[in-house]
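Here's a quick walk through one model, starting with charged pairs and ending in the core. Keep the viewer open while you read.

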Amino acid sequence: QEHIVESGGGLVQPGGSLRLSCAVSRSTFDFSVIGWYRQAPGKQREFVASISASGTTDYADSMKDRFTISRDSSKNTIDLQLDSLKPEDTAVYFCNTPARFVKNTWGQGTQVTVSS
């Protein structure tokens, strides 16, 4: 089973930035769409952004002006750059593949807290 590891979260002040990374296997990196999702306290998990193996990106409308998804082939990671962070961006951020998504299989995620 694919093992996905999210990292890069932390505490940041409003207006700050963070860069999250999603480490996957080489085969997943080369052939799979990877999506980032987030779940805020007391709320349902929501889609943030995705990127295909060919580099096609998709974003949630409310985040596309502040967040950037990218692929790093030297590290087999899918990165999510978070800029101009707001307190409402506080959430656990997860990445996932479609195969794991349909099985409702998730990793531990990485916590992002935006607070002054």
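Asp-30 forms a salt bridge with Arg-26, with the closest N and O atoms 3.2 Å apart; a salt bridge here is a side-chain nitrogen of Lys or Arg within 4 Å of a carboxyl oxygen of Asp or Glu. Both residues sit in helix α1 (residues 26-31), 4 residues apart, or about one turn of the helix. Helices (H or I, at least four residues) and strands (E, at least two) are DSSP runs, numbered from the N terminus. This is a predicted model, so local features need pLDDT of at least 70 and side-chain atom pairs count only at pLDDT 80 or more, while totals for chains, interfaces and linings use all residues. Residues are numbered from 1 along each chain as its sequence is written, and side-chain values use heavy atoms, with hydrogens and water left out.

The search of the whole structure turns up 6 salt bridges. Here are some of them:

| Pair | N to O distance |
|---|---|
| Asp-30 and Arg-26 | 3.2 Å |
| Arg-38 and Glu-46 | 2.7 Å |
| Arg-66 and Asp-89 | 2.7 Å |

Arg-66 lies in the loop between β6 (57-59) and β7, and Asp-89 in the loop between β8 and β9, so this pair ties together parts 23 residues apart in sequence. Arg-38, Glu-46, Arg-66 and Asp-89 are linked in a network of salt bridges.

How buried are these charges? Buried means under 20% relative accessible area, exposed over 50%, and partly exposed in between (1.4 Å probe, protein chains only). Asp-89 is buried at 0%, Arg-38 is buried at 8% and Arg-66 is buried at 13%. Glu-46, at 35%, is partly exposed.

On to the sulfurs. There is 1 disulfide in the whole structure, counted as a pair of cysteine sulfur atoms within 2.5 Å. It joins Cys-22 to Cys-95, S to S 2.0 Å. Cys-22 is in strand β3 and Cys-95 in strand β9, 73 residues apart. The link is right-handed, with 80° about the S-S bond. Cys-22 is buried at 0%, and Cys-95 is buried at 0% too.

Strands β1 and β3 pair in the antiparallel sense over 3 bridges; two strands count as paired if DSSP finds at least two bridges between them. They belong to an open antiparallel sheet of 4 strands, in the order β1-β3-β8-β7. β1 (5-7) and β7 stand at the edges with a single partner strand each, so one side of each has no neighbour in the sheet.

Which non-glycine residues have a positive phi of about 55°? Asn-76 and Asn-104 do. Asn-76 is in the loop between β7 and β8 and is buried at 16%. Asn-104 is in the loop between α2 (98-102) and β10 and is exposed at 58%.

Finally, the core. The largest nonpolar core has 27 residues, and those with the most contacts inside it are Trp-36, Leu-80, Leu-82 and Tyr-93. Such a core is a set of buried Ala, Val, Leu, Ile, Met, Phe, Trp, Tyr and Cys residues joined through side-chain atoms within 4.5 Å. Among the elements giving it two or more residues are β3 (18-23), β8 (77-82) and β9 (91-96). Leaving out residues up to four places away in sequence, Leu-82 touches several residues, including Leu-20, Phe-67, Tyr-93 and Val-112, a contact being heavy atoms within 4.5 Å.
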